[in-house]
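I opened this notebook to record, entry by entry, what I looked up in the model and how each term was applied.

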Amino acid sequence: DDAIRAAREALRRFPRARVRLLDRELSPEEYLDLLREADAVVLPYQAGTYRYRSSGVFAEAVAAGRPCIVPAGSWMSHQIRDGSGLSYSSEKELVAQLDRLRSD
């Protein structure tokens, strides 16, 4: 999807010390370590696919107290409470939300 590719490229422009993109499968231990270290979790799912279903990664991130950026209109976007995350409905809005989270 073009929006996802654009968002990944926007993330790649951040310094590696601030944003880490992973292009490989993690072991369970690596995954939990990464989640504990994360400042936020971006979940660029298709809103329609997740309109009525959850995400294990989302549930784990929320349980770990990590703010999430999720697609508007998804089940996850309805679970976000003030201060616990953000939602987006377009590529432009995703980039804006990433900037907002970074500045906050």
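Over the face of which residue does Arg53 lie, and at what distance from the ring centre? I found Arg53 over the face of Tyr50, at 4.6 Å from the ring centre; the rule asks for NZ of Lys or CZ of Arg within 6 Å of the ring centre and within 35 degrees of the ring normal.

Before going on, I noted that this is a predicted model, in which local features need pLDDT of at least 70 and side-chain atom pairs count only at pLDDT 80 or more, while totals for chains, interfaces and linings use all residues. Residues are numbered from 1 along each chain as its sequence is written, and side-chain values use heavy atoms, with hydrogens and water left out.

**Aromatic pairs.** I looked up ring pairs of Phe, Tyr and Trp (the six-membered ring for Trp), with centres within 6.5 Å, planes under 30 degrees apart counting as stacked, over 60 as edge-to-face and the rest as tilted, and the count came to 2. Tyr45 and Tyr50 are stacked, at 4.2 Å centre to centre with 15° between the planes. For accessibility I used relative accessible area with a 1.4 Å probe and protein chains only, where buried is under 20%, exposed over 50% and partly exposed in between. Tyr45, at 23%, is partly exposed, whereas Tyr50, at 14%, is buried.

The pair of Phe58 and Trp75 is edge-to-face, with 6.1 Å centre to centre and 80° between the planes. Because Phe58 lies in helix 3 (residues 56-63) and Trp75 in helix 4 (residues 75-79), this pair ties together parts that are 17 residues apart in sequence; helices here are DSSP runs of H or I with at least four residues, strands are runs of E with at least two, and both are numbered from the N terminus. Phe58 is buried at 5%, and Trp75 is partly exposed at 32%.

I placed Ser55 in the loop between strand 1 and helix 3, where Ser55 is buried at 5%. Ser55 caps the N-terminal end of helix 3, with a side-chain oxygen 3.3 Å from the backbone nitrogen of Val57. The side chain of Ser55 also makes a polar contact with that of Tyr45, at 2.8 Å; a polar contact is a pair of N or O atoms within 3.5 Å, one able to donate a hydrogen and the other to accept it within protein, and residues adjacent in sequence count only if both atoms are side-chain atoms. Leaving out residues up to four places away in sequence, Ser55 touches Tyr45, Tyr50 and Met76, contact being heavy atoms within 4.5 Å.

Ser74, in the loop between strand 2 and helix 4, is buried at 0%; neighbours within four places aside, Ser74 is in contact with Ala47, Tyr50 and Arg51. Ser89, in the loop between strand 3 and helix 5, is exposed at 58%, and its side chain makes a polar contact with that of Glu93 at 2.6 Å.

How many strands form the open sheet, and in what order? I read 3 strands in the order 1-2-3, with parallel pairing, where two strands pair if DSSP finds at least two bridges between them. Strand 1 (41-42) and strand 3 (85-88) stand at the edges with a single partner strand each, so one side of each is left without a neighbour in the sheet. Strand 2 (residues 68-71) is joined to strand 3 by 4 bridges, and Ile69 has Leu86 as its bridge partner in strand 3.
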